[in-house]
Amino acid sequence: EGKNLTASKNLKYFEGLLQEHSEFFRCHKSWIISINKVKSYSSSKFTISMNSGLQLRFSKSKKKEFQDALGV
């Protein structure tokens, strides 16, 4: 919705809260994303395009896990 939120917890905390929800995936040390909001991705460039227009990178070490989460 275009809102910015500030939290006093680190991403590891939120990753733990969201681990039972298969919709969310930590694709990089700086990002937890909703798999349902992924528009496209490039496995060769390690980039993700989100429905909102946001472009971000995913970790090379997460490539296989990310593809599994997408069902590719």
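Which residues does Met50 touch, not counting residues up to four places away in sequence?

**View 1. Contacts of Met50 in the predicted model.** Met50 touches Ile33, Ser34, Lys37, Val38, Lys39 and Leu56, leaving aside residues up to four places away in sequence; contact means heavy atoms within 4.5 Å. This is a predicted model in which local features need pLDDT of at least 70 and side-chain atom pairs count only at pLDDT 80 or more, while totals for chains, interfaces and linings use all residues. Residues are numbered from 1 along each chain as its sequence is written, and side-chain values use heavy atoms, with hydrogens and water left out.

**View 2. The largest nonpolar core.** Eleven residues make up this core: Phe25, Cys27, Ile33, Ile35, Val38, Phe46, Ile48, Met50, Leu56, Phe58 and Phe66. S1 and S4 are the elements that give two or more residues to this core. A nonpolar core is a set of buried Ala, Val, Leu, Ile, Met, Phe, Trp, Tyr and Cys residues joined through side-chain atoms within 4.5 Å; buried means under 20% relative accessible area, with a 1.4 Å probe and protein chains only.

**View 3. The open sheet S3-S4-S5.** Three strands form this sheet in the order given, with antiparallel pairing. Strand S3 (38-42) and strand S5 (55-57) stand at the edges with a single partner strand each, so one side of each has no neighbour in the sheet. Neighbouring strands are turned by 25 degrees against each other on average, direction ignored; the axes are lines fitted to C-alpha atoms, and angles run from 0 to 180 degrees between N-to-C directions. Strands are DSSP runs (E, at least two residues), as are helices (H or I, at least four), numbered from the N terminus.

View 4. Four bridges pair S3 with strand S4 (residues 47-50) in the antiparallel sense; two strands pair if DSSP finds at least two bridges between them. Tyr41 stands opposite Ile48, and Ser42 has Thr47 as its bridge partner. Four residues lie between the strands of this hairpin, where Phe46 takes a positive phi near 60 degrees.

**View 5. The hairpin of S1 and S2.** Strand S1 (residues 24-28) and strand S2 (residues 31-34) run antiparallel and are joined by four bridges. The hairpin passes from S1 to S2 through two residues. His28 stands opposite Trp31 in S2.

Key: Buried means under 20% relative accessible area, exposed over 50%, partly exposed in between (1.4 Å probe, protein chains only).
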